[in-house]
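Morning, everyone. Let me put the structure up, and we'll walk through it together.

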Amino acid sequence: MSESRSTRPQIISPDTLRGSADDRTPPEQVLTSKWPVLHHGKVPTVDPYSPDWRLKIFGLVEAPYELTYAELRAMPAIDVVCDMHCVTHWSRLNNVFTGVPTRTLIERAKPRPESRFVMCHSEAGFTTNLPLQEIVTEDCILAYQWEGQDLSPEHGGPLRGLVPRLYLWKSAKWIRGIELRATDAPGFWEQSGYHMHGDPWKEERFGW
Ligand SMILES: Nc1nc2c(c(=O)[nH]1)N[C@H]1C(S)=C(S)[C@@H](COP(=O)(O)O)O[C@H]1N2
Ligand SMILES: [Mo]
């Protein structure tokens, strides 16, 4: 029988080290042990092994490229231990996600020096924007597993962004691309008034 314990490197997201559960709960958030499902629109049907599924890293880079899902799954992965905070006031502590570090994926495309922001692109046109520096911290991954199981379609499977230090709307489900940019622009929720940055500790919920 094979050993099921993970031998992957484990990264602890720094906000999980703030102390007690209370200390780890940002202002005006309520803890839940369930994992709510939240998104705009229908859960897309995605076959990541179909010939047209590709993950694209593009935009203001020297070397844009695409990966098949099999190529992505073959890359070195890490486990990230993190807390999740949704702007609708629920937080869930102690999650373990597995995936490929976003920093590795982005560095491979050789961002031009003017690149300072990213736009994440998902199925059905969903987007979310972030400062480049926020998506290359060591606890950011493109995740395909949660607690050792492949992510369910409801939670963004086959692949989602994970940016644990910011509100969860910055963690794009069903992600298909990361675009490097010189300037910031509002993504899907940001166009309806959500914050451009989204730090839960500063309650950057709305307005920009
Ligand atoms: N593609 C896509 N990703 C998305 C969203 C969405 O509407 N579409 N909503 C975001 C919001 S507001 C939250 S709180 C989280 C919820 O993730 P969960 O359903 O896995 O809890 O997904 C984020 N990612
Ligand atoms: Mo959210």
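Let's begin with a quick one: does Glu28 count as buried or exposed? Glu28 counts as exposed, because its relative accessibility is 56% and the cut-off for exposed is over 50%. Before going on, please keep in mind that this is a predicted model.

So where is Glu28? Find the loop between E1 and E2, and Glu28 is there. Now look at its backbone. Phi of Glu28 is near 65°. That is a positive value, in a residue other than glycine.

Stay in that part of the chain. Thr16 lies in the loop between strand E1, residues 10–12, and strand E2, residues 30–31. Thr16 has a relative accessible area of 9%, so it is buried. The limit for buried is under 20%. What does the side chain of Thr16 reach? It reaches the backbone oxygen of Ser13, at 2.7 Å.

Look for Glu147 in the loop between strand E9, residues 141–146, and E10. Buried, exposed or partly exposed? Glu147 is partly exposed, because its relative accessible area is 37%, and partly exposed is the range between the two cut-offs.

Move along to Pro158. Pro158 is placed in the loop between strand E10, residues 149–150, and strand E11, residues 160–162. Check the bond that joins Gly157 and Pro158. It is a cis peptide bond, with omega at about 15°.

Another proline now. Pro64 is in the loop between strand E3, residues 55–59, and strand E4, residues 65–67. At 52% relative accessibility, Pro64 counts as exposed.

One more residue before the ligand. His197 is in the segment after helix H4, residues 188–191. Its relative accessibility is 19%, so His197 counts as buried. The cut-off, again, is under 20%. The side chain of His197 also has a partner. A polar contact of 2.5 Å joins it to the side chain of Glu134.

Now the ligand. Where does ligand 1 sit? The space it takes is the largest pocket. Which residues come nearest to ligand 1? Of the 19 residues around it, the nearest are Pro36, His40, His155, Arg160 and Lys173. What kinds of residue make up the shell? Twelve are nonpolar, five are polar and two are charged.

Let's zoom in on the oxygen atoms of ligand 1. What lies 2.8 Å from one of them? A polar backbone atom of His40 does. Then comes Trp189. An N or O atom in the Trp189 side chain is 3.3 Å from a ligand oxygen. How much of ligand 1 does the protein cover? It covers 99% of the 530 Å² of accessible area that the ligand has on its own.

Here are two things to find again on the screen. Look for the cis bond between Gly157 and Pro158. Then find His155, one of the residues that come nearest to ligand 1. Thanks.

Conventions. Residues are numbered from 1 along each chain as its sequence is written. Chains are lettered from A and ligands numbered from 1 in the order in which they are written. This is a predicted model: local features need pLDDT of at least 70, side-chain atom pairs count only at pLDDT 80 or more; totals for chains, interfaces and linings use all residues. Side-chain values use heavy atoms; hydrogens and water are left out. A residue is near a molecule or strand if one of its heavy atoms lies within 4 Å of it. A polar contact is a pair of N or O atoms within 3.5 Å; within protein, one must be able to donate a hydrogen and the other to accept it, and residues adjacent in sequence count only if both atoms are side-chain atoms. Accessible areas come from the Shrake-Rupley method with a 1.4 Å probe; for residues, only the protein chains shown count as cover. On a 1 Å grid over the protein atoms alone, a cavity is a set of points where a 1.4 Å probe fits but cannot get out, and a pocket is an open set with protein on both sides within 12 Å along at least five of seven lines; lining residues have an atom within 4 Å of a point. A molecule sits in a cavity or pocket if more than half of its atoms lie within 2 Å of its grid points. Ala, Val, Leu, Ile, Met, Phe, Trp, Tyr, Cys and Pro count as nonpolar, Asp, Glu, Lys and Arg as charged, and the others, Gly among them, as polar. Helices (H or I, at least four residues) and strands (E, at least two) are DSSP runs, numbered from the N terminus. Buried means under 20% relative accessible area, exposed over 50%, partly exposed in between (1.4 Å probe, protein chains only).
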